[in-house]
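Student: I have a structure open and want to learn how to read its side chains. Can we go through it together?

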2 protein chains.
Amino acid sequence: MAEPVVLINSFEVPAPDAENFITAWGKTRDYLESQPGYIETALHRAVTPGAEFLFVNIARWRTAQDFMTAIQSPGFAQAAAGLAGYQAHPALYGVVRT
Amino acid sequence: MAEPVVLINSFEVPAPDAENFITAWGKTRDYLESQPGYIETALHRAVTPGAEFLFVNIARWRTAQDFMTAIQSPGFAQAAAGLAGYQAHPALYGVVRT
């Protein structure tokens with residue numbers, strides 16, 4: 001599978017929580033962008049009414065190991081504490097077709 | 001919300017069906033890329049073992065209306081028939097933070 005890897009993380013967020021979620025996501029991003037292997041990230045918000053996942057984060061990391069190391073590093077749990085209340089569906093991906 | 005819009009469609013696919021799914025996805029892409037407003041697409045396959053969504057399609061369209069028109073057009077249902085057996089979670093998104 002080609003590097004870099006793509007993290008796709010879909011979040012179930014009630015619409016009234018949207019601004020709180022964005023703030024919490026920003027704190028998590030601030031931490032992760034300081035970690036080795038981080039390339040870029042983009043938070044997507046649904047424009048489809050009633051979407052199952054109001055937010056989807058799509059990030060690029062140099063390797064899967066870099067990402068795993070980052071989320072197991074000291075400091076991550078505290079940085080991401082604000083996201084803990086939202087059901088997340090994360091996995092790492094590679095592009096197979098365009 | 002800024003244009004273009006991003007379609008994020010997460011698919012639940014059993015691992016043994018992966019090649020069949022990719023073939024069916026390719027037929028759907030062949031149809032959609034001929035439609036007005038299509039910009040690009042990329043099919044992502046999970047590298048995380050046991051991922052809930054084995055495949056995630058991320059596509060860009062000029063506008064939400066272009067995408068809706070394309071999937072309601074004559075020919076779409078037949079082109080996408082091979083995907084009908086897989087649980088999909090589609091929605092349209094815009095980038096709100098990077």
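**Charges, rings and pairs**

Tutor: Keep in mind that this is a predicted model. Start with Glu12(A). Its relative accessibility is 31%, so Glu12(A) counts as partly exposed. Glu12(A) sits in strand E1 (residues 5–12) of chain A.

Student: Now the rings. How is a pair of aromatic rings described?

Tutor: By two things: the distance of the centres and the angle of the planes.

Student: How many aromatic pairs are there over all chains?

Tutor: The count is 13. Take Phe21(B) and Phe55(B). Their ring centres are 4.6 Å apart and their planes stand at 20°, so this pair is stacked. Stacked needs planes under 30 degrees apart.

Student: Which parts does the pair of Phe21(B) and Phe55(B) tie together?

Tutor: Phe21(B) belongs to helix H1 (residues 18–32) of chain B, and Phe55(B) to strand E3 (residues 55–61) of chain B, so the pair ties together parts 34 residues apart in sequence.

Student: Are Phe21(B) and Phe55(B) buried or exposed?

Tutor: Buried means under 20% relative accessible area. Phe21(B) has 0%, so Phe21(B) is buried. Phe55(B) also has 0% and counts as buried.

Now try an edge-to-face pair. Trp61(B) and Phe67(B) lie 5.5 Å centre to centre, with 70° between the planes. Trp61(B) is buried at 1%, and Phe67(B) is buried at 8%.

Student: Which residues form an aromatic cluster in chain A?

Tutor: Phe11(A), Phe21(A), Phe55(A) and Tyr86(A) form one cluster.

Student: How do I read the accessibility of Glu40(A) and Arg60(A)?

Tutor: Glu40(A) has 42%, so Glu40(A) is partly exposed. Arg60(A) has 28%, so Arg60(A) is partly exposed too.

Student: And how do Asp66(B) and Arg62(B) meet?

Tutor: In a salt bridge, 2.9 Å from N to O. Asp66(B) is buried at 14%, whereas Arg62(B) is partly exposed at 48%.

Terms used. Residues numbered from 1 in each chain as written. Chains lettered and ligands numbered in written order. Predicted model: local features only at pLDDT ≥ 70, side-chain atom pairs only at ≥ 80, totals over all residues. Heavy atoms only, no water. Helix = DSSP H or I, 4+ residues; strand = E, 2+ residues; numbered from the N terminus. Buried < 20%, exposed > 50% of the residue type's maximum accessible area, 1.4 Å probe, protein only. Phe/Tyr/Trp six-rings, centres within 6.5 Å; stacked < 30°, edge-to-face > 60°. Salt bridge = Lys/Arg side-chain N within 4 Å of Asp/Glu carboxyl O.
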